[in-house]
Amino acid sequence: MYTTIVDNTPLIKVSSAKHEANYAVNGSLMNPLEAFYASLAACAAVYAKKACKELGIPAAGIEIGCKPFAGPGGPLTLARFKTEVRFPEQFTAEQKTKILDSIAYCAVKDIVANGPSIEFQVSEI
């Protein structure tokens, strides 16, 4: 479970059993939407590292850039999310392909892509 206690500051602290994440609504830290986009970039990095491990090569130097594109509903809608990967020159074409294919299967991306089947509930306890 993830929990937060709302107060009158611009900061938001979310805790889980093991970790804590901090956000803000005044620009001093990422807001939750920016953190969501960052989680997609982080997921791409996780899958790149996994692929490199399977290939027996170091992941050092791979650069991943991600950019969200708003949909017709404005900045709070997501129509497209572009992930660009730059490899160090020692990577072969075959290694690059395997890493790119791995990144395409990012679990966070899959949850977003299949999101219409997610049921969200809000209730008072």
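Predicted model: local features only at pLDDT ≥ 70, side-chain atom pairs only at ≥ 80, totals over all residues.
Biologist: Which cysteine does form a disulfide with C106?

Modeller: Here the sulfur atoms are 2.2 Å apart, and the cut-off is 2.5 Å, so this pair passes. By this rule the count comes to 1 disulfide. The partner of C106 is C43.

Biologist: Nice. How many residues apart are C43 and C106?

Modeller: The link of C43 and C106 is right-handed, with 125° about the S-S bond. It joins distant parts of the chain: C43 sits in helix α1 (residues 32-55), while C106 lies in the loop between α2 (93-103) and α3.

Biologist: Is C52 buried or exposed?

Modeller: C52 is in no disulfide, and the nearest cysteine sulfur, that of C43, is 15 Å away. Buried means under 20% relative accessible area. C52 has 1% relative accessibility, so it counts as buried.

Biologist: And I111, is it buried or exposed?

Modeller: I111 is placed in helix α3 (residues 107-113). Together with I118 and F120, I111 makes a nonpolar surface patch of about 350 Å². Exposed means over 50% relative accessible area, and I111 has 53%, so it counts as exposed.

Conventions
Residues numbered from 1 in each chain as written. Heavy atoms only, no water. Patch = residues over 30% accessible without salt bridge, like charges linked within 9 Å, V, L, I, M, F, W, Y side chains within 5 Å. Areas by Shrake-Rupley, 256 points an atom, 1.4 Å probe, with all protein chains shown as cover. Salt bridge = Lys/Arg side-chain N within 4 Å of Asp/Glu carboxyl O. Helix = DSSP H or I, 4+ residues; strand = E, 2+ residues; numbered from the N terminus. Buried < 20%, exposed > 50% of the residue type's maximum accessible area, 1.4 Å probe, protein only.
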